[in-house]
There are 2 protein chains.
Amino acid sequence: GLAAPAIAQSQPKIQWRCTSSFPKSLDTIYGGAEDLAKYVREATDGNFDIQVFAAGEIVPGLQAADAVTGNTVQMCHTASYYYVGKDPTYALGATVPFGLNARGLNAWLYYGEGIDKLNEFFATQDLVYMPGGNTGTQMGGWFRKEINTVADLNGLKMRIAGLAGQVMEKVGVVPQQIAGGDIYPSLEKGVIDAAEWIGPYDDEKLGFVKVAPYYYYPGWWEGSLALCFFFNQSEFENLPENYKSLLRTASRAANVEMLAEYDYKNPQAIQRLVQSGAQLRPFSQEILQACWNASQEVYAEINGQNAAFKSIYDSMMAFRAETYLWQQIAEYSFDTFMMIKQREGALAMQSGGQ
Amino acid sequence: GLAAPAIAQSQPKIQWRCTSSFPKSLDTIYGGAEDLAKYVREATDGNFDIQVFAAGEIVPGLQAADAVTGNTVQMCHTASYYYVGKDPTYALGATVPFGLNARGLNAWLYYGEGIDKLNEFFATQDLVYMPGGNTGTQMGGWFRKEINTVADLNGLKMRIAGLAGQVMEKVGVVPQQIAGGDIYPSLEKGVIDAAEWIGPYDDEKLGFVKVAPYYYYPGWWEGSLALCFFFNQSEFENLPENYKSLLRTASRAANVEMLAEYDYKNPQAIQRLVQSGAQLRPFSQEILQACWNASQEVYAEINGQNAAFKSIYDSMMAFRAETYLWQQIAEYSFDTFMMIKQREGALAMQSGGQ
């Protein structure tokens, strides 16, 4: 039961700033940092106070990790693949083409030495990495015209970034780097032919359905996307142990929270999008196979010249083979049966005593 | 940066006892309570100290919730469907036949009013409920003989509990309640013909493969299983707000942690089991369909006489229809492609610069 209050040994008052790579309008992904800050603030009676800033308030969204390395801010919330220009190894803390789905990624990160191996690399960048959210499998993006064959990709101007852009280039796409707010006008004017963003809930806000109605899936380059927290290494090391542990706990909590929020909001958003005219289209097996082959070329090139990348990639890919073996059995067969029932219309209105 | 240590306003020294429904030998599922206790202890410099006791140390595993209601202990870690004998509504805090997979369940619990609705019911039991772990889709269990048709189920004596037992009874099975340690000898002697337990990692420890080698999937009665923490309501309400918040955060962290651990360990265990002679068998569509129909009868019976169950069930099932619509699109098509690659043998050894 309750005893008399004790004098705490180590709850120093600390104020930190966290810069997010995202605008507040992307409430689910931006919310990951707000969640962590809230959990930490509440657990410490406000003694450890993290203020979250939206992209652009302190530094632009794509400079968040630099601001942490340089100690402009103590921490950020970002997607580590934004920084593949510094080193492709950054991508492995977020997602890589034909990588792991959300459950596989968490399993590898928390139990398959993922976090530890990533932090060996991130230590060279003066960063400490913790997973901090997941979007689930993303959509493949919005296209102005249907694409059925690899030939249809030839010369296609698509807004797509990072390693996925490199893969797309090998199958004929002309990848474009365009900030979120500029995608819609570029699609509308035909400056680009296609654009990938995130998934139904976020994509809906940008209104792509009106100008590029063919909505392809899956986003094979983001079988799941891990968001992350980066902490400045010396700032983190200077924290008392209780605060370090609390950050680890709160980042796990923020991780499950974001995925649950996307998984709750996306089903409603996809239905609204279809009602608004979105034409759902699966990528053809021909296209998926060509992109798979291209991704193997990209990986071989990077692995041949980047030992840090190869070490982490090998670990992730060894687990990839195992998780997709096991997931076929119980999970996939259960999901398949439930999806058959969904298509039969049997899942609606089961509640009554009828 | 770091400022001078402040006097904490509210970190009282508290010692709690948590009784687990599980033995220490089931390290992953038992570990959920240890994880939460560790997170809380570390974040409070040991001021909030939760001691975890294995099943049987204070009360038997299936009396954990009663021990919390009666305030023998302040909290427990359990699967709420163990208590369907008191009220079938308890099942909805764990899993129900043909219910939600792990991602769907988390989405409904955290965002689809699941936790709030469950706590309206659990308040009547003097309990506060928080999700605290997930096993993923379980296996359908170990059978001494192959079963292909509904006729093969007739008279089959199977160790299976709760609502799933009621469903199985409608398709001819004779459900048996047998504690974990007694399952193996019962199978060996032929006292029972089949037994379900959890999944590869846990099932391997009990050695079922030697006496009942046909390993069926999926466990349609546990598309995922949420473990939970129950807190004695008045003990919880008496906590300072910072400790309440920390318990909510730590339970989220324990949730993601357990699922990641199962998802990491099961792939290796299923391979060892197959090497030891396990014969993997999917339930036939005929059997799944018959069990689906039987489950609808069971739900209709309960909904007709239990308003608390119906209210929560309706909420869960409304979301079930939505989540299995959305999951078909990006997630399922991505997973399917990756599983095709797994079957082709293309996922192994992708790392080299070859």
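Across the interface of chain A and chain B, the rule finds 4 salt bridges. Before I go on, please keep in mind that this is a predicted model.

Let me take one of those bridges. B:D263 pairs with A:R103, and their closest N and O atoms are 2.7 Å apart.

Another bridge joins A:E257 to B:R252, with 2.4 Å between the closest N and O atoms. Here too the pair crosses between chains, from helix α10 of chain A, which holds A:E257, to helix α9 of chain B, which holds B:R252. A:E257 has a relative accessible area of 6%, so it counts as buried. For B:R252 the relative accessible area is 14%, and this residue is therefore buried as well; the cut-off for buried is under 20%.

Now the wider interface. In chain A, 105 residues are in contact with 106 residues of chain B. The area buried between the two chains is about 9700 Å², and carbon and sulfur atoms give 63% of that area. Which three residues supply more than any other three of the area that chain A buries against chain B? They are A:Y111, A:W326 and A:F334, and together they supply 8%.

On the polar side, the count between chain A and chain B is 27 residue pairs in polar contact, with both residues at pLDDT 80 or more. Several elements of chain A give two or more residues to the side that touches chain B, among them strands β1 (2-5) and β2 (12-20), and helices α1 (27-43), α3 (102-111) and α10 (241-275). Helices α11 (285-305), α12 (307-326) and α13 (330-343) of chain A are also included. The largest share comes from α10(A), with 19 residues. By residue class, the side of chain A that touches chain B divides into 53 nonpolar, 36 polar and 16 charged residues.

How do the copies relate to each other? Chain A can be laid on chain B by a turn of 180° and a shift of 0.0 Å along the axis, with an RMSD of 0.0 Å. That is the relation of a two-fold axis. The residue of chain A that comes closest to the rotation axis is A:A253, with its C-alpha at 2.3 Å. Of the interface residues of chain A, 100% are also interface residues in chain B, so the copies meet through the same surface.

Last, salt bridges over the whole model. Over all chains, the count by this rule comes to 38. As a reminder, side chains of opposite charge can pair when their charged atoms come close. One example within chain A is A:E42 with A:K38, at 3.6 Å from N to O. Why are these two about one helical turn apart? Because they lie 4 residues apart in helix α1 of chain A. A:E42 has 33% relative accessibility and so counts as partly exposed, and A:K38, with a relative accessible area of 39%, is partly exposed too.

That is what I have; I will take questions now.

Terms used
Residues numbered from 1 in each chain as written. Chains lettered and ligands numbered in written order. Predicted model: local features only at pLDDT ≥ 70, side-chain atom pairs only at ≥ 80, totals over all residues. Heavy atoms only, no water. Least-squares fit on C-alpha atoms with pLDDT ≥ 70 in both. Contact = heavy atoms within 4.5 Å. Buried area = accessible area lost by both parts, 1.4 Å probe. Salt bridge = Lys/Arg side-chain N within 4 Å of Asp/Glu carboxyl O. Polar contact = N/O pair within 3.5 Å; in protein donor to acceptor, adjacent residues only side chain to side chain. Nonpolar A, V, L, I, M, F, W, Y, C, P; charged D, E, K, R; others polar. Buried < 20%, exposed > 50% of the residue type's maximum accessible area, 1.4 Å probe, protein only.
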